[in-house]
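Thanks for coming, everyone. Please have the sequence and the model open, and follow along as I talk.

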Amino acid sequence: MPTDLDRFPLPAAVLFDLDGTLVDTVETRIAAWLRALEEAGLPTSRELLAPLIGLDGKRLAKEIAAAARTPIDEARSEQIDHLSGEIYEQLNRSPRPLPGVRRLVEAIEARDISWAIATSSRKAQVGTSVAALGLAAEPTIVDASHVEHAKPEPDLLLLAARQLEVDPGRCWYVGDSTWDMVSAVAAGMVAIGVTAGSAVDSVALTGAGAAAVVETLDELTEALTSR
């Protein structure tokens, strides 16, 4: 059955966000941030926080602080970001892969398409979630520690494309947040939103620049194997 993805040529590489895209961890992220912000004296609501998930952690902390009319500097935002990561690691004990991950990876590799994970998470936070994917080998992972500016800046995605030796214009970037879409557009990649594990809906993803939005990873698999 044709989908919006059929409008695009097959990619030379597929890049993925991690939280909410490959693993069902968005609610855990939200819980970690709520605790970290409260401990930092910046309590907030889930409604305000959820749309910010996927944003560079330091910027997220600054956004919440600004909304509370309590601006913070770079050092303080870094501290809060680290605290959120530590709490997340404590909470993220049994992450579940979102349905269809292994089938999608198999379809990508069967077509000799390169792929990688490009995530705003810090390196120490990704191991448990990547292991939960149950893949035969650890994939290429580019995380926030590799760049000065994470999403919504395109640096993370462009670095991943360079590591795979693929032109950004021939990459699909698959993510669940508006920041993923903004970053992909800025990188010159095809931005694909997936809603199965997202904290936002398809309207938000399209508004942020998604060229196509799918509900599940299985729809991506179909798009890659049906032609």
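**A buried strand and its surroundings**

Let's start with strand S4. Five of the five residues of S4 are buried, so this strand is largely enclosed by the rest of the structure. Keep in mind that this is a predicted model.

Now, which way do the residues of S4 point? Cys-171, Tyr-173 and Gly-175 point one way. Trp-172 and Val-174 point the other way. All of them are buried. Here is the background: in a regular strand the side chains alternate between the two faces of the sheet.

Next, the partners. Strand S1, residues 13-16, is joined to S4 by four bridges, and the two run parallel. Look for Phe-16: this residue stands opposite Val-174 in S4. Then there is strand S5, residues 190-194. S5 also pairs with S4 in the parallel sense, over four bridges. Which residue of S5 is the bridge partner of Tyr-173? That is Ala-191.

How do we get from S4 to S5? Follow the chain through helix H8. S4, H8 and S5 make a right-handed β-α-β unit.

Let's stop at Thr-178. This residue sits in helix H8, which covers residues 178-187. Is Thr-178 buried or exposed? Its relative accessibility is 16%, and the cut-off for buried is under 20%. So Thr-178 counts as buried. What does Thr-178 touch, leaving out residues up to four places away in sequence? The list is Pro-51, Val-200, Ala-204, Leu-205 and Ala-208. One distance to note: the C-alpha atoms of Thr-178 and Leu-49 are separated by 13 Å. Along the chain, those two are 129 residues apart.

Now the loops. Take Glu-165, in the loop between H7 and strand S4, residues 171-175. Glu-165 has a positive phi of about 60°, although it is not a glycine. Glu-165 is exposed, with a relative accessible area of 73%.

Arg-69 is another one to check. Its place is the loop between helix H3 (57-67) and helix H4 (74-91). Arg-69 is not a glycine, yet its phi is positive, about 60°. With a relative accessible area of 78%, Arg-69 is exposed.

Last stop, Pro-152. You'll find Pro-152 in the loop between strand S3 (140-142) and helix H7 (155-164). Is the peptide bond from Lys-151 to Pro-152 cis or trans? That bond is cis, with omega near 15°.

That's my tour. Over to you.

Terms used: Residues numbered from 1 in each chain as written. Predicted model: local features only at pLDDT ≥ 70, side-chain atom pairs only at ≥ 80, totals over all residues. Heavy atoms only, no water. Buried < 20%, exposed > 50% of the residue type's maximum accessible area, 1.4 Å probe, protein only. Contact = heavy atoms within 4.5 Å. Pairing = 2+ DSSP bridges. Right-handed = clockwise from strand over helix to strand, strands pointing away.
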